[in-house]
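Take a look at the model first, then read on.

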Amino acid sequence: MYTTTISVRKLIEFILRSGDIDNRLSSGGADVDSMQEGQRIHRMIQRRAGADYTPEVSLALTYTDPTEECAITVEGRADGVIRNSSGVTVDEIKSTYADVMAFKEARLLHLAQARFYAWIIAAKENLPVVNVRITYVNIATEETRYFNETCMFEELEEFTASILNEYVKWAVFDAKRVITRTESIKGLPFPFEYREGQAELVRQVYYTIYHGKKLFLEAPTGVGKTISTVYPSIMAMGQGMADKIFYLTAKTITRTVADECMNTLFSVGLKAKSIILTAKEKICLSTGECNPDACPYAKGHFDRINDVLFRMLNENERYTRELIIDYANRDMVCPFELSLDLSLFCDVIICDYNYAFDPRARLKRYFADESDNKYLFLIDEAHNLVDRAREMFSASIIREDYSALKTITAEELPAMSKKFARVYKAMTALKMTCDSLGMHSDELVLRNPETDGVVKALLTLYADMENFFKQERRSDKKKVYSKEVVDVVLNAYFEIGHFLNMYELVCEDYSVYAAYSETGDFFLKLMCVNPGGNLKECMDKAKATVLFSATLLPLQYHKNLLGGAVDDYEVYAKSIFDPDKRGLFIAGDVTSKYTRRSEDEYRKIARYIHLITAQKPGNYMVFFPSYKFAGMVYDIYEEEFRPLSGAETLKQSMSMDEAEREAFLARFRGSAETGAASAFDMIDMPVEVEETYTLIGFCVMGGIFSEGIDLKNDSLIGVIVVGTGIPQVCLERELMKEQFDEEGDSGYDYSYKYPGMNKVLQAAGRVIRTEADEGVVALLDERFLQRGYREMFPREWSNYQTVHIGNVAEAVEQFWKN
């Protein structure tokens with residue numbers, strides 16, 4: 001007999017879904033019941049219920065289907081169980097921003113969930129009758145609406161059996177899949193010969209999973225960090241320590257690397273299912289509007305999806321974007337939703353950070369409940385998660401937007417227009433308070449402002465919008481609204497939902513301020529300065545987490561901002577590269593400091609570039625602090641030094657599309673096509689590459705070419721980094737600095753120095769990608785010689801050589817000779 005376990009919520013949502021996809025009925029990117037305010041409402045109801053009320057009751061029961069082929073254990077947690085003279089009542093609490101007094105009946109999904117809990121209690125306690133109550137509470141007003149139902153045990157048994165019997169084929173399929181996977185993992189070999197230190201790295205990852213910890217892994221390029229984290233995770237899965245592996249990345253190229261890693265494991269005997277989740281906008285087959293009025297794939301999607309899903313699962317093992325689109329097109333279902341459903345039955349899910357961390361995109365099917373999940377998070381290029389998480393957990397509203405919304409909705413939605421006006425009025429009051437303090441324009445900042453009036457106006461507006469979209473969806477609605485009005489209200493709905501969600505998270509890790517934008521618009525922002533607490537809460541949904549990058553220094557800085565605990569593990573993997581194959585040079589007589597920027601300094605940097613690249617023909621990249629800085633040096637190099645060297649030059653532009661980016665990189669890989677020059681500032685691009693050919697790319701630190709690209713062998717033989725990468729001074733950086741100083745950390749280091757050095761390390765890492773590579777790295781800034789910077793150097797940078805404009809050519813020439 002096959003056995004499986006599923007939560008009541010997941011079972012109900014999977015089997016009972018029907019009809020259309022309609023994002024107009026979602027909660028603005030917020031899972032209301034899991035929000036802090038939603039949890040507060042739950043606790044409030046539970047406290048007020050009295051002594052007869054037992055909150056948060058864990059329940060579980062195993063059901064055997066009539067054929068005795070499968071035993072399904074359903075488990076969950078009832079919000080409350082009431083025991084009094086009226087009998088036993090299961091209470092299911094749902095918090096919302098909608099007008100609960102307008103509800104006519106309880107939603108079937110909510111009712112079904114409560115009925116399952118009632119069935120478990122009745123079966124275990126041999127009760128003939130159990131009552132069910134659905135409690136809806138408005139978050140803003142705390143108004144409460146109850147829907148009661150009395151259930152006979154026979155009715156509950158029939159209801160739950162109908163759903164469980166429908167799930168049997170899925171349970172059997174999944175149980176067989178897990179058995180096949182587990183058998184294939186037994187004796188699964190490591191697919192390569194271990195590099196130096198790699199076997200120890202694999203053991204460290206496995207050890208982390210075994211103990212349910214986090215591992216912060218500084219893994220220099222070439223150590224094989226992808227296979228060294230995926231392989232032990234797969235082996236742990238075979239031992240029952242994990243059900244799913246989430247391989248989380250910031251960029252498409254690293255998702256491709258993870259997919260190739262899975263292919264390698266498949267080739268040596270692994271039998272498992274894997275999927276790459278593609279962003280909704282990149283996989284959408286229609287207009288991007290997820291509702292039945294705009295998209296034929298959304299209309300009736302849930303009526304068709306389970307048949308398509310079951311067929312696809314039985315016919316394939318790996319699920320790529322192309323395969324998913326093919327099935328979705330054929331059967332008229334949403335490809336994005338199909339990919340999410342496929343992931344339920346996959347062992348490895350390769351996806352963007354958003355799907356695990358972003359409140360607006362987090363996969364609720366995995367992370368919404370409190371089940372004891374056996375998930376593993378493998379977070380690639382984890383240094384990128386700091387800024388990404390800050391964006392995810394921050395929110396802002398702009399005063400002028402609400403004036404425009406008031407005008408747009410005035411004719412068709414006059415009542416809602418008045419509520420937009422109230423938000424505008426509240427923001428105006430906040431603006432006047434700020435102005436009265438004597439602060440103006442770019443220097444205006446208000447820490448911890450009185451935002452109650454704004455938030456109350458937003459709450460009232462949000463409830464009105466929820467009711468609007470519920471009425472808008474009804475087939476018997478009397479009024480048809482223009483597409484422009486519906487679109488702007490929907491966008492505002494999502495924006496407000498996110499703002500309210502983030503407002504509930506505001507704590508000492510946030511800076512709340514009001515200011516003027518460059519265009520003069522007044523805005524209120526909830527800025528997440530330290531995302532560590534929010535990330536930790538997300539990572540607590542996993543059994544273990546491995547965060548790895550080639551540039552995770554300083555480790556304690558990243559540990560603090562990425563949700564690490566004192567007892568989480570740290571490993572610095574040894575570089576496999578021969579240090580003698582990389583020349584590391586630091587210029588002690590030049591800098592990118594703002595106070596030293598001048599025509600003479602730009603010319604000296606241009607001369608450095610000429611002297612370094614002249615010692616050996618090949619491909620070089622030069623990374624600058626900004627596009628403006630790059631342009632100044634580029635112009636001097638072109639005029640004074642390019643006639644001497646004959647080198648070809650490329651310059652990264654500010655707005656390069658994907659095709660232009662690929663054409664730029666193709667030049668370094670030697671596969672450019674004639675005519676590609678129009679995409680960039682290129683000079684006399686040759687079709688034939690001669691033996692003495694030199695190509696120099698003028699690029700920007702932190703940009704698309706400074707990380708995530710792999711130029712192996714002779715594709716890149718040198719990197720020159722100009723400056724320490726320190727971000728420009730701005731309002732938000734200064735607020736971060738103040739806050740970190742208040743917390744006892746070095747505000748300057750956390751806000752400027754460490755992020756800057758991370759860009760430097762990433763840029764320098766573009767050269768030397770394989771054991772056979774040889775190349776030079778030149779750091780053009782005297783500040784790199786300061787002790788504070790040298791302490792941030794990777795261990796493999798200990799053999800640097802200090803140079804100046806007079807001896808750099810000789811030093812680089814000698815390196816190449818050796």
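Phe664 and Phe705 are both buried, where buried means under 20% relative accessible area, exposed means over 50% and partly exposed is in between (1.4 Å probe, protein chains only). Bear in mind that this is a predicted model, where local features need pLDDT of at least 70, side-chain atom pairs count only at pLDDT 80 or more, and totals for chains, interfaces and linings use all residues. Residues are numbered from 1 along each chain as its sequence is written, and side-chain values use heavy atoms, with hydrogens and water left out.

**Aromatic rings**

- A pair of aromatic rings is described by the distance of the centres and the angle of the planes.
- Rings of Phe, Tyr and Trp (its six-membered ring) pair up here if their centres lie within 6.5 Å; planes under 30 degrees apart count as stacked, over 60 as edge-to-face and the rest as tilted.
- The structure has 50 aromatic pairs.
- Tyr493 and Phe494 make a tilted pair, because their ring centres are 5.7 Å apart and their planes sit at 45°.
- Tyr493 is buried at 1% relative accessibility, whereas Phe494 is partly exposed at 24%.
- Phe664 and Phe705 are stacked, with 4.2 Å from centre to centre and 15° between the planes.
- That pair ties together distant parts of the chain, 41 residues apart: Phe664 belongs to helix α23 (residues 658–669), and Phe705 to the loop between β21 (695–700) and β22 (718–722).
- Helices (H or I, at least four residues) and strands (E, at least two) are DSSP runs, numbered from the N terminus.
- One aromatic cluster is made up of Tyr602, Phe624, Phe629, Tyr634, Tyr637, Phe641 and Phe698.

**Charges over rings**

- A charge sits over a ring if NZ of Lys or CZ of Arg is within 6 Å of the ring centre and within 35 degrees of the ring normal.
- Lys169 sits over the face of Phe310, 4.4 Å from the ring centre.

**The three-stranded sheet**

- This open sheet of 3 strands runs in the order β13-β15-β14, with antiparallel pairing; two strands pair if DSSP finds at least two bridges between them.
- On average, neighbouring strands are turned by 10° against each other, direction ignored.
- Between β13 and β15 (residues 522–528) there are 4 bridges in the antiparallel sense, and Ile397 has Leu524 in β15 as its bridge partner.
- Helix α24 (residues 731–742) packs on this sheet, touching β14 and β15, and its direction makes about 150° with that of β14.
- Axes are lines fitted to C-alpha atoms, for helices over the stretch in contact, and angles run from 0 to 180 degrees between N-to-C directions; contact means heavy atoms within 4.5 Å.

**Strand β19**

- Strand β19 (residues 619–624) is mostly covered, with 6 of its 6 residues buried.
- Asn619, Met621 and Phe623 point one way from β19, while Tyr620, Val622 and Phe624 point the other way.
- β19 runs parallel to β21, joined by 6 bridges, and Met621 stands opposite Gly697 in β21.
- β19 also runs parallel to β22, with 4 bridges, and Tyr620 stands opposite Gly718 in β22.

**Cysteines**

- There are 0 disulfides in the structure, a disulfide being a pair of cysteine sulfur atoms within 2.5 Å.
- For Cys70, the closest cysteine sulfur is in Cys346 at 20 Å, too far for a bond.
- For Cys346, the closest is in Cys351 at 11 Å, again too far for a bond.
- Cys70 is buried at 0% relative accessibility, and Cys346 is buried at 0% too.

**Two single residues**

- Asp358 lies in the loop between α12 (354–357) and α13 (364–367) and is buried, with a relative accessible area of 8%.
- Not counting residues up to four places away in sequence, Asp358 touches Tyr353 and Met392.
- Tyr53 is in strand β2 (residues 53–64) and is buried, with a relative accessible area of 6%.
- Tyr53 and Asp91 are 38 residues apart along the chain, with 9.2 Å between their C-alpha atoms.
- Not counting residues up to four places away in sequence, Tyr53 has contacts including Asp79, Asp91, Ile93 and Arg133.
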